[in-house]
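Dear colleague,

I am handing over the structure below, and after it I set out what was found.

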Amino acid sequence: VVYCPVDGDYYGSVDPCGEVVGELREQLGIPKNAKVMLNISCLKPQKDVSTYLKVASTILNSHSDAVFLIAGDGDLRPDLENEAKALGITDAIRFLGWRRDIPELLALSDIFVLTSLWEGLPQSFGQAMAAGLPIVATKVDGAPEAIVHGVNGFLFEPRDVQGLAMGINKLLHNDSMRELMGERAKERSEKFSIQKTISALDEFYLPFVQA
């Protein structure tokens, strides 16, 4: 398998404690010590952001200051905004629309969350891993190729709100676990490095070229 490459130097380039992240936190109205979850998704049925909102509602029962970011846009945005209102979690949700500052958003965040119903292998996994984030996601298609359950994140079945919330809660309650899984994620992101992709492509194609 030759994976789509991720520029780890780019996505892991922003200092989480730096001025840029501090300014972004203030711009988004996120309290200084609040834990931040990030979801990067087109707002379409495949991504099942509705489950992300339900997970957020569950988490907020025990972490009332948590903030849940959604970077992306799409036809389902009005429905999802209405669902957030119905769940009473509007103050904790940030619908960010399309963004060009993904490295900064990753540096701002504590946990990456993806609740898709199906996937190939999302580029966002490699990006989050390069930024040193543990991942809580659904166990669909290519997800286990990026995330090893209990090593650099947690995987659960699609629409498993309680399972996904449990995974996030484990990381929120245990700083050392979250940091360790983040370090392992960063190490594992090398699997998707540009250098590895180039080497794998060379290994595959050169014998044909030289024949």
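Which residues form a nonpolar patch on the surface? They are V2, L201, F204, Y205, L206, F208 and V209, with about 710 Å² of accessible area together. Patch members have over 30% relative accessible area and no salt bridge, and nonpolar side chains (Val, Leu, Ile, Met, Phe, Trp, Tyr) are joined within 5 Å; a salt bridge is a side-chain nitrogen of Lys or Arg within 4 Å of a carboxyl oxygen of Asp or Glu, and areas come from the Shrake-Rupley method with a 1.4 Å probe.

This is a predicted model, in which local features need pLDDT of at least 70 and side-chain atom pairs count only at pLDDT 80 or more, while totals for chains, interfaces and linings use all residues. Residues are numbered from 1 along each chain as its sequence is written, and side-chain values use heavy atoms, with hydrogens and water left out.

L201 lies in helix α10 (residues 194-210), helices being DSSP runs (H or I) of at least four residues and strands runs (E) of at least two, numbered from the N terminus. L201 is partly exposed, because its relative accessible area is 35%, between the limits for buried (under 20%) and exposed (over 50%).

By contrast, Q127 in helix α6 (residues 123-130) counts as buried at 12% relative accessibility. Leaving aside neighbours within four places in sequence, Q127 is in contact (heavy atoms within 4.5 Å) with V6, Y11, I102 and L106.

An open sheet has six strands in the order β3-β2-β1-β4-β5-β6, with parallel pairing (at least two DSSP bridges between two strands). Because β3 (93-97) and β6 (153-156) each have a single partner strand, one side of each is left without a neighbour in the sheet.

Best regards

Methods
Patches are made of residues with over 30% relative accessible area and no salt bridge: like charges are joined within 9 Å, nonpolar side chains (Val, Leu, Ile, Met, Phe, Trp, Tyr) within 5 Å. Buried means under 20% relative accessible area, exposed over 50%, partly exposed in between (1.4 Å probe, protein chains only).
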